[in-house]
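Q: Hi! Could you walk me through this one?

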Amino acid sequence: MSDGPAPAAEPAAGATPVARPVLSLALVSMMQEVHAHSGAVYLLRPDEPVLEMTVHAGLPRAFAAPWERVGLSAPLPVADAVRERRLVWVGGEEAMARGYPRIAVVLPYPFALAALPVATEQRVYGAVFVTWPGAHPPELSARERDHLWAACDRLALRLERAAEEKRPLGSEPDLVTATPAATASDTPGSVEAARMVSRLPYGLVSLDLHGRIAFVNAAAAELLGRPAGELLGTLPWVSVPWLNDPMYEDRYRGALLSQQAMSFVALRPPGQWLSFRMYPSTTGLSVRISRARAVADMVRGTAQADPSPSRLVSISQVLSFAGALTEAVGVQDVVQLVWDEVAPAVGSQAMVVLGSQGGRLHVLGHRGHPDPHSVERFHGLPLTERTPGTQVLNSGVPAFFASQEELERLYPRHETPDGFAAWAYLPLIASGRPVGTCVLAYAEAHVFPADERAVLTSLGGLIAQALERAQLYDAKHRLAHGLQQALLPRSLAPPPGIEAAARYLPATHGMDIGGDFYDLVPTLPLTAAVIGDVQGHNVTAAGLMGQIRTGVRAYTTVGHAPHEVMSSTNRLVIDLGTELFASCLYLRLDPARGRAVMARAGHPPPLLRRPDGRVRVLDLAGGPLLGIDPGAVYPTTEVSLAPGSVLVLYTDGLVEAPGSDIEDALVGLGELLSEIGDQPLERLADEVVRHSAAARQRVDDVAVLLLRAREGS
């Protein structure tokens, strides 16, 4: 059977060809085969990495409004299905919360979802998702998988054929179950049925899939306080003022999506509580309304909300983006998230995030502009210049320009970059002050209605909070990095006959600063090496680390023996009055004699690789951690350091990690040193860190100091 139209003569003048609804028919057929209750088809745009919802079926499109346009890099099921060319299955509410928390925030209801790519071996055309009510089993059956894959493969072939024949797909309507025209109480099938319903002591209301009232009996009209004729065809949370609360609309949405009965209690002023019970099906909801009892002690505030029917879209979008922006850490993370999440959803083709510093405009990041210079030329522009970006940043008032003519009318000297045709300038206000401006650019003229302006302005507030947190994080990161670099040696100066290499990695939790340290102290005729670990990864730990390192250098310089250096440093830590402890390993190197004398204070034992490749863990005598016992002694151990030998000093972050065994980590490290220990020392240091599972997790700081005795020393 051919899906393409047979060759035919040109249509007569004035005739309107009717395109076959390929996508709608394919989607509905797929849903029927697997008994799904809603679904959508996305097509991949040819000019940008964005999936665009083309047709939706089963439930109102507003339910999926935050995901009308999805960037391919977004952590969403349809994007994952396309990127990874696989079926993505989300088996219920908990699975959605674990795998896709952004969707769970917007749709916190029990339902299951499957997403699949629509693709041939050569090309990806888009994606499909379908959903089931919460009663669906937690696993997708083999039959359902086979039907879904087969349907997507058939649709991909149809799209491939349409592309080959240069046959564009026509616009297709969403398929939502049709509802009979709203009428008065005589709508039910028979007069007797209408009489029966009218005699019931409680209210009955029928809502269609969009939430509109299609039937209301006399008791319901009386309970709601509005004539039946004024209620028909309206949304109850719009036409009944005291139901104007997003929670009540949320119950309708949850009942339809989960296909489970839901209820709520609402206060009809001045003091009458009513109980609403919703019974959903795939064609709408039946609502039973009755007077509630035993709720006189309940207190509810009346939430104010926009009565516009599109409010559902606005709330969903804002919640979805709020969940996404909480994941941003640094400023560039915020910029990327705005590009990945906000821009595709609102139809923007380019964006810029602007900030200010020292009275000048700063371009914090931008995406989508063909010529980066066209945006970066605004970097450093004085805030006194009259441009849309500076005006919005200074005033905190958003600005929307539906066309280039509108922009030039207000800012005749402002040059618009890259030929875009419409712009939204959103003030980013956090903690009561402007922190930047987000500029969304559109390729074509774009009218911004009031509800869209409200949504974009709300998004600007969310972006501002994320940007303020990110700027604070970046400032702390720069401070921590600068402090850490100041406290660690800028370079190592090993003595003749010794080669040295070091690595330091801060923990990923905390302030990116820690208490691990290392140093080489070049004194004549011998050189000392030290490595240590102060508990914690914060400024206090880093400060104590700097004091210990300074003390070790001072005691070494005045000629103290290794055990005396450790004892003096121990007393220093106690005298400082800190509640922190520190481990330390100190050694005096004598390359001329091929010896090293070591003292240890609760520190992990070093590893020694001999020239023949054998590796052993040095079992050194030692004393307690620094800062515990003022009378502690630290015995020393002398170790042979033949030419070609490698000493590996490290902190516990290299070998300790949750769920791992230290002994296994040391065995693995020894095997690595035995195998590649003769490599250049800098490369060996990189491999030691890369090999460590604990270092990859970065739960703790990691410091590594490698020392090699050279040949002929």
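A: The axes of helix α1 (residues 22-34) and helix α5 (residues 142-164) come within 9 Å and cross at roughly 170°. Axes are lines fitted to C-alpha atoms, for helices over the stretch in contact, with angles from 0 to 180 degrees between N-to-C directions. Helices are DSSP runs (H or I, at least four residues), as are strands (E, at least two), numbered from the N terminus. This is a predicted model, where local features need pLDDT of at least 70, side-chain atom pairs count only at pLDDT 80 or more, and totals for chains, interfaces and linings use all residues. Residues are numbered from 1 along each chain as its sequence is written, and side-chain values use heavy atoms, leaving out hydrogens and water.

Q: Which residues of α5 are buried?
A: Glu144, Leu148, Ala151, Cys152, Leu155, Ala156, Leu159 and Ala162; buried means under 20% relative accessible area, with a 1.4 Å probe and protein chains only.

Q: And what covers them?
A: The cover includes α1, β1 (38-44), β5 (111-119) and β6 (124-133).

Q: Switching to strands: what order do they take in the open sheet?
A: The 5 strands go β8-β7-β11-β10-β9, with antiparallel pairing; strands pair if DSSP finds at least two bridges between them. At the edges are β8 (213-216) and β9 (262-268), each pairing on one side only.

Q: How many bridges join β10 to β11?
A: There are 8, between residues 272-281 and 284-291. Tyr279, for instance, has Ser286 in β11 as its bridge partner.

Conventions:
Buried < 20%, exposed > 50% of the residue type's maximum accessible area, 1.4 Å probe, protein only. Contact = heavy atoms within 4.5 Å.
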